[in-house]
Amino acid sequence: MHGTAQPEASETGDAYRRKRHGALWLGLILSILASLPALVAWAPQMTDYPSHLAGYKVMLDHGSDPWLTYYFLHNWEWTGNLGAELLMVPLASIFGLEQAGRLIVAAIPFLTGLSVMAVAWSLRKNIGVGAILAFAMIWSPSFLMGFLNFSLSLAMALFAFALWVRMERSPWRHVVFVPFSFAVWLCHVSGWGIMGVLVFGYEWTRRRSWLDWIPFTKPWPLIFPLVPMLAGMGANSKVSYGRWGVLEYKWQILYKAMRSYDQVFDITSLCLVVAVIAFALFSKRFDMRAGWAALLLLILTLIVPRQIFGGDYADYRLSTTALLVACLAIDWPVPRWGMVLAGLLFTSRIAVTTVVWHQDAQTASQMIKAMDHVPEGARVATAVAIPRSQWKFGPFEHFGSYAVVRRSAMENSNFALPDVHMLAMRETRYRFNDPTQRILFSSNQRIDLRKFKPARHADYLWFIGDVHPVAVPDGARIVFSTPNSFLARLPDAVDLANPADGS
């Protein structure tokens, strides 16, 4: 069940080579198309992205902005969650903060596409239908939520696995993979774990018997990042399965493995992918050199906690990855029209994402004009109305963090939890960070902003949502509005003075 797919008897050597080159070009074109949403939107429309951007700004400021220094702390730590942060250091100095962030977002799906091709070529010396089908998993729920470090680490892990296969007979493989393992771990610890699973699954196919222990020792060059983890470098020990029923939650992350913006389309896509994987598996067109890793990733999806090392959705990240790796295991020679159909699934999904990002970016470009009415260093309480049940990913749950990016403001939607994030608030008397901005509401529920606690400690209230509140804080004066947002100056707002002046 694992070998290189051979050309059909009717194919000549030249025809087979043309087919392989055509598949290579198709994969390259799809890799380029994977970056399209980030190219059409003025800013990535990911759920968490604005708060990550705010964190990057404080990280790169180094105390030069008095307001950022007054409101925030940044504790740099060498930990397994630094992929985008390390890239931002050189890129922001060249392109500026916001354009550097956009460039990183555009690069990640392109690199993931290339890494998918690298794995397929290393295993079977061709780009088959499974690799093309795997492109549909590049814009995963994790990436759409804005898990940049994890998504970058996944691409790195796939490149690393491809290199592991290609260096199988090289005496230098172990030497190369000690630093490589650190590089993947620095991007994100989950990518490092996935790399280990891929390598183990590959080596497991080389076992002499079910009792052979050699496959367990083969990945030894990858274990060295355990040293800083055991030393507690940036590690958060929090582990949790969440507050809801585990079985119900695990089922949800399975059927939402291809969640994006349309429930029917996404579930249909998932069913098609699972059907092709099942057909390949039962017809013995499944390469177990990647198949074992796919099975292990599925098992891990079911058993690992939701929160590990302070990060959320640790298991949800693995569900789509298991699908991607299972697609890479498909070793099924198909005619050109089969390759085109597999590519059509990806292009259809990327078209939907591109249209949604373009529309959301148009909305965002109107809402961010509210920052023209906010003075430098103001205290902004963001309130975001979020339906309790919705399929699509909301791009504006952390949009308030643009107050930090554009106005060096104190704002309450940032990732700034002590011992979890490198960013922290100097003011600890009250909570003023994520998730205080979220107002979850049902269809029959009224939103009364007089009860919104962060507004008690702010100069401005920035409301974002498709519903209109029934009341605002007493004395608040709306100074800017759009169809789905408004900015209100609160009655206790103070005239700001530069903190560097000692005022």
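This is a predicted model: local features need pLDDT of at least 70, side-chain atom pairs count only at pLDDT 80 or more; totals for chains, interfaces and linings use all residues.

**Helix α17.** I began here because 15 of the 15 residues of α17 are buried, so this helix is largely enclosed by the rest of the structure. Buried means under 20% relative accessible area, exposed over 50%, and partly exposed in between, with a 1.4 Å probe and protein chains only. α17 covers residues 314–328 and reaches 22 Å from its first C-alpha to its last, close to the 21 Å expected at 1.5 Å a residue. The expected span is 1.5 Å times one less than the number of residues. Helices (H or I, at least four residues) and strands (E, at least two) are DSSP runs, numbered from the N terminus.

**Ground rules.** Residues are numbered from 1 along each chain as its sequence is written, and side-chain values use heavy atoms, with hydrogens and water left out.

**Helix α9 and its partner.** I looked at α9 next: 15 of its 19 residues are buried, so I'd call this helix mostly covered. Its end-to-end C-alpha reach is 27 Å, close to the 27 Å expected. At what angle do α5 and α9 pack? Helix α5 (residues 83–95) and helix α9 (residues 148–166) pack at about 95°, with their axes 7 Å apart. That makes α5 roughly perpendicular to α9. Axes are lines fitted to C-alpha atoms, for helices over the stretch in contact, and angles run from 0 to 180 degrees between N-to-C directions. Under 35 degrees counts as roughly parallel, over 145 as roughly antiparallel, 65 to 115 as roughly perpendicular and the rest as oblique.

On the α5 side I find Gly 83, Ala 84, Glu 85 and Leu 87, which meet Leu 148, Asn 149 and Leu 152 of α9. Contact means heavy atoms within 4.5 Å. By class, this contact has 4 nonpolar, 2 polar and 1 charged residues. Ala, Val, Leu, Ile, Met, Phe, Trp, Tyr, Cys and Pro count as nonpolar, Asp, Glu, Lys and Arg as charged, and the others, Gly among them, as polar.

**Ser 115.** This serine sits in helix α6 (residues 97–124) and is buried at 0% relative accessibility. Beyond four places in sequence, Ser 115 is in contact with Ala 155, Leu 158 and Phe 159. Its side chain reaches the backbone oxygen of Thr 112 at 2.7 Å. A polar contact is a pair of N or O atoms within 3.5 Å; within protein, one must be able to donate a hydrogen and the other to accept it, and residues adjacent in sequence count only if both atoms are side-chain atoms.

**Helices α14 and α16.** Helix α14 (residues 246–255) packs on helix α16 (residues 288–303) at about 140°, axes 9 Å apart. That makes α14 oblique to α16. Lys 250, Ile 253 and Leu 254 of α14 meet Leu 298, Thr 301, Leu 302 and Ile 303 of α16.

**Thr 436.** I found this one in the loop between β6 (423–425) and β7 (438–441). Is Thr 436 buried or exposed? Thr 436 is buried, at 19% relative accessible area. Its side chain reaches the backbone oxygen of Asn 412 at 3.1 Å, and the backbone oxygen of Asn 433 lies 2.8 Å from a polar atom of that side chain.

**Pro 491.** Last stop: the segment after β10 (485–489). Pro 491 is partly exposed at 48% and touches Asp 474, Gly 475 and Ala 476, leaving out residues up to four places away in sequence.
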